[in-house]
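Here's a quick briefing to keep beside the viewer. Have a look at the fold, then work through the points below.

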Amino acid sequence: MQNRLYFSREVREHFDALVPRLDEVFVGAPSRERRSFELRFERYFSNLFESVVGPYGWHEDFSDFLIRLTELMARAHLERSDALRDLDFERELTPDWFQRQQIIGYACYVERFGGTLQGVREHLDYLTELGVGYIHLQGVLMPRSGESDGGYAIRDYLKVNPSIGSMADLETLTTELRARGISVCVDLVLNHCAAEHDWAQRAQAGDAQFQEYFYMYPHREMPDAYESTLPEIFPEFAPGNFTWNDAAQKWVWTTFHDYQWDLNWSNPEVFLEMADIMFKLANHGVEVFRLDAVAFMWKRLGTDCQNQPEVHDLLQALRACANIVTPAVVHKAEAIVSPDDLVHYLGTGKRYGKVSNIAYHNTLMVQYWGAMASRDTQLMIHTLREFPRTPTSIAWGTYIRCHDDIGWAITDEDASAVGLSGYSHRRFLSDYYTGIFEGSAARGLAFQTNERTGDRRVSGTLAGLNGLEVGLEQNDKRLVNLSIERCLLGFALMCGWGGIPLVYMGDEIGLLNNYGFADNEATRDDNRWLHRPFMDWEKAQRRHLSGFVESRIFGGVKNIIQARKRTPHLHAQYENFVPDTINPHVFLHVRPHPLGNFLGVYNFSELPQLLDLAELTTYQISQPHPYDQIEQRHVFVEAGQLRIPPYGRLWLI
Ligand code: GLC
């Protein structure tokens, strides 16, 4: 090794001690293999070392941990197929592949979209037609049987859910999708596993080694001490954060459901297990890991046990591992936390850009629904303008709906900055989207009412929450039209913000709420299944029949997607600025770009709105008739005013 640019003395000493360990692993392998591994190992070793030394450096067997991790990585590198190595090479040449404006995401439950993995293969043309380049397949890994929190209680990370297929099917599908330029994203649930997972079963049977994989306590003392500062995630179906396990005669930490056991990441064995799983799944063709519930991965007494700095260390370490072994792979952090906490998942300060490549933009989603209900953009403007800056090497996952509920993540401070009461506004939004508020055409259900905090989250599909269901039922053409425009505004916002827009299955054809969830024993207690409908392929057929709701939404979405692909300003590396507007119904965002500014314009009201030309001049948008990228035409300006139709959206360049 010649290049030591990356190292401090301490790091170099560890590195030099580890390299000879590679001899045995690479014995008989072509020298090129070892060389490429070593180059990456050297390049990312300091990222790895500095992130594991905090959580694990104090362990007596820290050196042993490093040796085992190094050997694990080297073996996984050797097991990688030629096709995936080509992909690694390609991605190292185009490290911004997931930031490009050409990438469009789609998220679906395999079971609900295609029945099985094989069934998904029958709908690849549909995905291609929509323009998808990334697909988050849900419910892939083997869950516990019965209730499984929508597949987020994993029984075996290295097996595919037998009801949708096998690992071989997954590999076939990833290969086929890759050939179409579609990257597969799979959930890696890091915070917990199912109580039926082999680790948990052994722990329950009294195996001390495996009890160290979890947080288990014989008495209430520690659980009570933690509980005094812990919130409840599912206050209705799983109050409290600990569950008594009779067999083990211990309390087990279960943040989510009683059957989801929190993993003890302060134990380096847990890290090694997960790294191994991650490499293996990547070697089966997974290109994106959605790292589930990461905020909860580290516990600290006296805190809410979320967003602890060690979580960012662990994610940086997993990231460095991926860079060394499977560089084609990127990580998406699922941290639904406040903006100030969220940016650490993308890497700030010494971890700048080193933690995860992608994170969900929960705030954008919440603000969309907030502005839709109130027809007022002031809170949205204030909140998004205050959003901390993020590294230029990352991408947001932008979305309007997903498989989870919507929580009204609006702080009292932000609300009061625009003259609102946080409590009343959050209440209003819950009322509005559950249809209680007078005049609301939204059809959602309240999810997890918390009597103590007054918190009430909401379930429902994009179309259901935007009034389409009521409009169709009442045969109210005006409402139907407006609902469609509201949905399309959402698509334009998430496609125009920059990052990977995530189309949630069925929203592209306006699927309505699925009330059938209440008839099924496995789903009836969790009304998030309201917005996890089965794909309706008959309705999807109507996407080509003009005049139908499905074709109006699908056509509109496709148009927006195509516009995005030809708009270089939407590459994720460029920043957004959120200016004030005189018109309180309008939301603007500016993306400065070497080619000139991009100005996103969105009208959050059912009436046409005017935008003063003087405002456009400030953002250097060309005059007299600015060009709209979505409709590909010059927009008409009259008497110094630009008219934005009801729920209209313009991408001016
Ligand atoms: C994530 C998932 C959610 C699940 C939770 C616990 O937030 O998106 O569906 O309930 O993790 O695994």
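Let's start with Ala371, which is found in helix H16 (residues 362-374); helices here are DSSP runs of H or I with at least four residues, strands are E runs of at least two, and both are numbered from the N terminus. At 2% relative accessibility, Ala371 counts as buried, where buried means under 20% relative accessible area, exposed means over 50% and partly exposed is in between, using a 1.4 Å probe and protein chains only. From Ala371 to Ile553 it's 182 residues in sequence and 21 Å in space, C-alpha to C-alpha.

A bit of housekeeping: this is a predicted model, so local features need pLDDT of at least 70 and side-chain atom pairs count only at pLDDT 80 or more, while totals for chains, interfaces and linings use all residues. Residues are numbered from 1 along each chain as its sequence is written, and side-chain values use heavy atoms, with hydrogens and water left out.

**Aromatic rings**

- There are 49 aromatic pairs in the structure; rings of Phe, Tyr and Trp (its six-membered ring) pair if their centres lie within 6.5 Å, with planes under 30 degrees apart called stacked, over 60 edge-to-face and the rest tilted.
- Phe37 and Phe41 make a stacked pair, because their ring centres are 5.6 Å apart and their planes sit at 20°.
- Both of these residues, Phe37 and Phe41, belong to helix H3 (residues 31-56), where they are four residues apart, about one turn of the helix, and both are buried.
- Phe428 and Phe437 have ring centres 4.9 Å apart and planes at 80°, so that pair is edge-to-face.
- Phe428 is buried at 17% relative accessible area, whereas Phe437 is partly exposed at 38%.
- Ring pairs also tie together a cluster whose members include Phe7, Phe37, Phe41, Tyr56, Trp265 and Phe271.

**Charges over rings**

- Arg43 lies over the face of Tyr44, 4.4 Å from the ring centre; the test is NZ of Lys or CZ of Arg within 6 Å of the ring centre and within 35 degrees of the ring normal.
- Arg220 puts its charged end over the ring of Trp251, 4.3 Å from the centre.

**A hairpin**

- Strands S8 (residues 242-245) and S9 (residues 250-253) run antiparallel and are joined by four bridges; at least two DSSP bridges are needed for two strands to pair.
- Trp251 in S9 is the bridge partner of Trp244.
- Four residues separate S8 and S9 in this hairpin, and Gln249 in the turn has a positive phi of about 55°.

**The ligand site**

- Among the residues around the ligand are Tyr152, Phe234, Phe256, Arg290, His403 and Arg528, going by heavy atoms within 4 Å.
- Asp149 has a polar side-chain atom 2.7 Å from an oxygen atom of the ligand.
- Glu334 also has a polar side-chain atom 2.7 Å from a ligand oxygen atom.
- For His192, a side-chain N or O atom is 2.9 Å from an oxygen atom of the ligand.
- On its own the ligand has 310 Å² of accessible area, and the protein covers 95% of that (Shrake-Rupley method, 1.4 Å probe).

- Ala293 isn't a glycine, yet its phi is positive at about 55°.
- Ala293 sits in the loop between strand S11 (288-292) and helix H14 (309-325), and is buried at 3% relative accessible area.
- Tyr647 isn't a glycine either, and has a positive phi of about 50°.
- You'll find Tyr647 in the loop between strand S24 (641-644) and strand S25 (649-652), buried at 1% relative accessible area.

Technical notes. Polar contact = N/O pair within 3.5 Å; in protein donor to acceptor, adjacent residues only side chain to side chain.
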